[in-house]
Amino acid sequence: MSEQTASWYNLYDARPQAEVPAESPLAWSYQHSGRPSVGEKSRVVLRERALAGHLILRGGAIVLDEAVRQVLGVGLPGRPNTLTLDESGERSIQWLSPDEWLVIVPGGEEFALEKRLREALGDAHYAIVNASGGQTLIELSGDKARELLMKSTPYDVHPEAFPVGKGVTTVFAKANLILRRPTEERWELVLRRSFADYLYRWILDAGAEYAIGVEE
Amino acid sequence: MFLIYCPYCEEHREEEEFHPKGQAHIARPADPEACSDEQWGDYLFFRDNPRGIHHELWVHAVGCRKFFNITRNTVSYEILETYRMGEQPRFTAEYPEGKPAEAAAARAEEVERQEGVKA
């Protein structure tokens, strides 16, 4: 039994070919809690990048780095709590723990990406999990976005402590999420599905004083 | 705010993100079948409760989710060091000021220098 290495795997396309309506984890929250419109007074703007492809990569850094460079064209972030983006800024890889990375790609790409990564990795010791259905990504922008975060998380979000290109998993409003800063003005929050409604309502409440708006 | 240094994230994080998991460095008997009931019972259930320096296993539960060790003083609650799994503590009950490895190296260097002067 030990002779056999894991040279086989089951790989499913989680997106059905048929026209089945897909809903983001926040679909119910939008109906139930509403979406405040973005106005001139809005100093925080929330935008969801719904139904993106999320892959969790686990394994040795060197082996994964080689495969990821080959397939995605960007290197694996080797330092703790860092984030790398590709040139378009649409694909990202984030360090989660010494042997775990999160790859986020535009929705629909994750199946082909997983397939190519598995081909590139061959017999190496690794794991890839498609977590697309389990989490969603929201963006916060606006000049008061940082103040909203300061009310919600014990992590230091001062620009000196949290430069562009950093990403951490931390406590946020007694729940937890992945907080990251891909560009100067934009913060990204990766929410778990089960926390999505609670955190959405928390953010709306915390952002009320900044006239938070939710982009359609 | 109470910050703990995570040796895997390589930065200080809020205490809320961590969970204590009891005494560290408990080795499972190599051959459980050969253990007496007393040895096995000690391994499973009995833990030290020292006054002073204690080595503990903690997990960065909301973060990198890695286990690591903390050397803590149970009298002052001071955290003396955190270190990765598989590493040995620098502060122990015998060496509450830190293992003399570095001190010894420094002293050896000094001695060497003096001897150098003598020669």
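Guide: Axes here are lines fitted to C-alpha atoms, for helices over the stretch in contact, and angles run from 0 to 180 degrees between N-to-C directions. Please note that this is a predicted model.

Visitor: At what angle do helix 2 and helix 3 of chain A pack?

Guide: The angle between helix 2 (residues 61-72) of chain A and helix 3 (residues 110-121) of chain A is about 130°, and their axes are 9 Å apart. Helix 2 of chain A and helix 3 of chain A are therefore oblique to each other.

Visitor: Left-handed or right-handed crossing?

Guide: Helix 2 of chain A passes helix 3 of chain A in a right-handed crossing.

Visitor: Which residues meet there?

Guide: Helix 2 of chain A contributes A:Val63, A:Ala67, A:Gln70 and A:Val71. These meet A:Leu113, A:Arg116, A:Leu117, A:Ala120 and A:Leu121 of helix 3 of chain A. By class, the residues of this helix contact are seven nonpolar, one polar and one charged.

Visitor: Changing topic: how many residues does each chain give to the contact between chain A and chain B?

Guide: Chain A gives eleven residues and chain B gives twelve residues. On the side of chain A that touches chain B, strand 4 (92-97) and strand 8 (166-172) of chain A are the elements that give two or more residues. The largest share, three residues, comes from strand 8 of chain A.

Visitor: And what classes are found on that side of chain A?

Guide: The side of chain A that touches chain B has six nonpolar, five polar and no charged residues.

Visitor: Where is A:Gly165?

Guide: A:Gly165 lies in the loop between helix 4 (145-152) and strand 8 of chain A. Leaving aside residues up to four places away in sequence, A:Gly165 touches A:Thr82 and A:Leu83.

Visitor: Why does A:Gly165 count as partly exposed?

Guide: A:Gly165 counts as partly exposed because it has 17 C-beta neighbours inside 10 Å, whereas a buried residue needs 20 or more and an exposed one has 12 or fewer.

Visitor: Now chain B: what is its pattern along the sequence?

Guide: Chain B follows β-β-β-α-β-β-β-α, with two helices and six strands in its secondary structure. Of the 119 residues in chain B, 15% are buried.

Visitor: What confidence does the predictor give?

Guide: The complex has an ipTM of 0.87 and a pTM of 0.87. Chain B averages a pLDDT of 88, and 84% of its residues score at least 70.

Note on methods: Residues numbered from 1 in each chain as written. Chains lettered and ligands numbered in written order. Predicted model: local features only at pLDDT ≥ 70, side-chain atom pairs only at ≥ 80, totals over all residues. Contact = placed C-beta atoms within 7 Å. Helix = DSSP H or I, 4+ residues; strand = E, 2+ residues; numbered from the N terminus. Nonpolar A, V, L, I, M, F, W, Y, C, P; charged D, E, K, R; others polar. Parallel < 35°, antiparallel > 145°, perpendicular 65-115°, else oblique. Left-handed = near helix turned anticlockwise from the far one by under 90°. pLDDT = per-residue confidence, 0-100.
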